[in-house]
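Please look over the sequence and the structure shown here.

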Amino acid sequence: MSAGAELKRPKAPSKLKHYLTAAIVVLLLWGSSIQTDATLGELIEGFPNMFDLLREMFPPKWTYLDNIVGAMLDTIRMALIGTTLGAIMAIPVALLCAGNLMAQWWLRYPVRFVLNLIRTIPDLLLAAIFVAIFGLGPLPGIFALSIFALGLIAKLTYEALEGIDRGPLEAMTATGANGIQRIVFAVIPQISAHFMSFTLYTFEINVRAAAVLGLVGAGGIGHYYEITLGFLEYDKTSVIIIFTLSIVLLIDYASSKLRGKLL
Amino acid sequence: MMKSWSHMVQAPKKNRYRWLIYLALAAVYIWAFAGVPFTGFKETAVQITKAIMTGILAPDWDFVYLPEGEDLLRGLLETLAISILGTFISTLICIPFAFWAAVNMSGSKVVSGSGKMALSFVRAVPEIIMALMFIKAVGPGSFAGVLALGLHSIGMLGKLFADEIENMDKGPVEALVATGANRLQMLWFAVIPQVLPGFLSYTLYRFEINMRSATILGVIGAGGIGTPLIFALSTRNWDRVGIILLGIVVLITIIDILSGAIRKRLV
């Protein structure tokens with residue numbers, strides 16, 4: 001019996017850290033709800049409006065489809081061209097960033113830093129700025145999408161580049177190949193499938209992004225949201241939403257099937 | 001007879017229909033480029049680009065803090081608040097969805113499939129469109145932005161959470177069943193401890209994404225730093241555009257670094 005008293009129970013780990021974390025989270029939430037004037041009452045008050053809105057959206061006015069097919073095709077065009085331009089620009093940038101191909105660190109780190117900066121700016125903001133520079137139309141949208149694609153594809157590609165097998169590179173060096181030959185025969189065969197897959201993935205994201213760029217005047221189907229919502233024609237808005245959804249899901253499906261075949 | 005080792009290495013056989021793929025690709029690109037009206041740039045394009053660049057290099061520092069409000073710091077704080085609240089709401093709501101969509105919790109493939117379908121539909125509607133809807137319901141302002149982010153994030157978080165639940169170890173659940181635990185005890189002692197780090201990590205990841213989304217909500221009037229940015233763009237106040245861009249980049253970079261550090265310690 002006395003032996004049992006000596007065997008002390010292990011102490012439970014301190015819970016102070018958890019309590020502190022919980023307190024910080026609660027504080028953040030409390031502060032945030034004050035900052036945004038978010039109250040449950042407002043939500044409950046607004047809820048009937050939501051239902052009114054949903055009721056007015058159905059049934060969708062399908063005849064409106066004729067008006068927006070052209071804009072949808074424009075949206076896909078923008079995403080396609082933007083992604084392609086971004087992918088082309090991403091090739092040299094990714095090569096500059098890859099530590100195993102580019103020995104000059106003073107070149108590598110600044111380029112990576114700029115890439116990180118590019119990826120912090122959302123595409124809709126880029127589009128708003130490009131609209132201010134180039135004027136309304138699909139062109140600023142394409143530029144915004146290509147800058148976004150550049151940031152994403154270059155990052156994914158340089159990370160993949162750093163993971164390639166060194167064997168072929170060393171073999172090329174041993175045969176006396178120059179820098180270009182090394183890249184063409186030892187790097188590109190290893191990376192091309194990944195690169196295509198990243199590009200397709202970015203294309204999927206860009207199609208979704210292109211669908212809303214019209215809200216800032218950068219072309220595509222997004223412009224029609226403003227028109228229909230402005231005239232309170234919610235049955236037309238629902239057609240746009242359903243149409244965009246089905247196109248996005250279709251492209252996602254086709255693209256992910258293709259990506260599965262590539263890798 | 002001596003066997004000869006010196007034979008030519010055969011090039012790998014090419015797909016006979018390769019040219020068809022190239023042709024299709026070429027056709028797609030011709031279709032795409034033909035549809036874009038290339039009307040040339042505005043004459044002022046270079047000038048405005050220069051103005052924005054000088055705006056970024058010599059920002060309007062006075063805008064950082066204005067005593068009477070509507071300044072950079074308050075805008076950024078509001079953006080932060082929108083994404084914190086939006087992420088919190090979506091985390092709460094998505095948990096039941098995640099258990100619905102996880103095949104090892106709902107029990108049947110049909111049920112979990114329907115859950116996954118619902119989540120992918122939610123995911124497919126852009127947050128900015130949801131914000132437009134919520135503005136109609138609760139009026140313009142940051143609350144509409146909070147609700148839009150909260151609803152949209154359910155789609156992605158629900159899917160990630162469901163994957164996390166599906167990937168957990170069955171052992172602890174079976175051990176509890178063997179001791180005669182009820183369903184609630186099973187959930188509390190076997191499921192939650194396993195999935196919690198993953199849940200927290202995904203929540204932080206979504207928070208990073210929501211920060212970016214929250215900066216654009218103001219473009220349509222749903223609060224945050226986007227509102228002064230659009231205002232500055234339309235009044236051609238390039239110095240102010242510069243400082244706001246700078247503020248966004250700095251804030252998002254800080255959040256990414258902080259959240260990344262916490263996530264690394266979690267999993």
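B:Gly145 lies in helix α7 of chain B, where helices (H or I, at least four residues) and strands (E, at least two) are DSSP runs, numbered from the N terminus. The model is a predicted one, in which local features need pLDDT of at least 70 and side-chain atom pairs count only at pLDDT 80 or more, while totals for chains, interfaces and linings use all residues. Residues are numbered from 1 along each chain as its sequence is written, and chains are lettered from A and ligands numbered from 1 in the order in which they are written.

Is B:Gly145 buried or exposed? B:Gly145 counts as buried because it has 37 C-beta neighbours inside 10 Å. The cut-offs are these: a residue is buried if 20 or more other C-beta atoms lie within 10 Å of its own, exposed if 12 or fewer, and partly exposed in between, with C-beta atoms placed from the backbone. Leaving aside residues up to four places away in sequence, B:Gly145 touches B:Ile82, B:Ala131, B:Ala214, B:Leu217, B:Ala222, B:Gly223 and B:Gly224. Such a contact requires that the C-beta atoms of two residues, placed from the backbone, lie within 7 Å. B:Glu43, by comparison, is 102 residues from B:Gly145 in sequence and 36 Å from it in space, C-alpha to C-alpha.

B:Arg236 sits in the loop between α10 and α11 of chain B. B:Arg236 is exposed, because 11 other C-beta atoms lie within 10 Å. Most residues other than glycine have a negative phi. B:Arg236 is not a glycine, yet its phi is positive, about 55 degrees.

Now to chain B as a whole. Chain B contains 11 helices and zero strands, and its pattern along the sequence reads α-α-α-α-α-α-α-α-α-α-α. The radius of gyration of chain B is 26 Å, whereas a compact globule of 267 residues would be near 18 Å. The radius is taken over C-alpha atoms, and the globule rule is 2.2 Å times the number of residues to the power 0.38. Along the principal axes, the C-alpha atoms of chain B fill a box of roughly 75 × 70 × 35 Å. Of the 267 residues in chain B, 39% are buried. Among the contacts in chain B with a separation of 6 or more, 70% are between residues 24 or more positions apart.

Chain A also has its own set of figures. It has 11 helices and zero strands, in the order α-α-α-α-α-α-α-α-α-α-α. Chain A is more spread out than a compact globule, because its radius of gyration is 26 Å, well over the 18 Å that the globule rule gives for 263 residues. The box filled by the C-alpha atoms of chain A is roughly 80 × 70 × 35 Å, taken along the principal axes. In chain A, 35% of the 263 residues count as buried. Of the contacts in chain A between residues at least 6 apart in sequence, 73% join residues at least 24 apart.

How many residues of chain B are in contact with chain A? On the side of chain B there are 45, and they are in contact with 45 residues of chain A. On chain B, α1 (18–35), α2 (45–57), α3 (72–101), α6 (127–138), α7 (142–166), α9 (183–217), α10 (226–234) and α11 (238–266) each supply at least two residues of the side that touches chain A. That side of chain B divides into 33 nonpolar, eight polar and four charged residues. Here Ala, Val, Leu, Ile, Met, Phe, Trp, Tyr, Cys and Pro count as nonpolar, Asp, Glu, Lys and Arg as charged, and the others, Gly among them, as polar.

Two helix pairs of chain A remain. Two packed helices are described by the angle between their axes and the distance between the axes. Axes are lines fitted to C-alpha atoms, for helices over the stretch in contact, and angles run from 0 to 180 degrees between N-to-C directions. Helix α5 (residues 105–120) and helix α7 (residues 138–162) of chain A pack at about 130 degrees, with axes 9 Å apart. α5(A) is therefore oblique to α7(A), since angles under 35 degrees count as roughly parallel, over 145 as roughly antiparallel, 65 to 115 as roughly perpendicular and the rest as oblique. The contact is made by A:Leu115, A:Ile118 and A:Arg119 of α5(A) and A:Ile147, A:Leu150, A:Gly151, A:Leu152, A:Ala154 and A:Lys155 of α7(A).

Helix α10 (residues 222–230) and helix α11 (residues 234–262) of chain A cross at roughly 160 degrees, and their axes come within 8 Å. α10(A) is therefore roughly antiparallel to α11(A).
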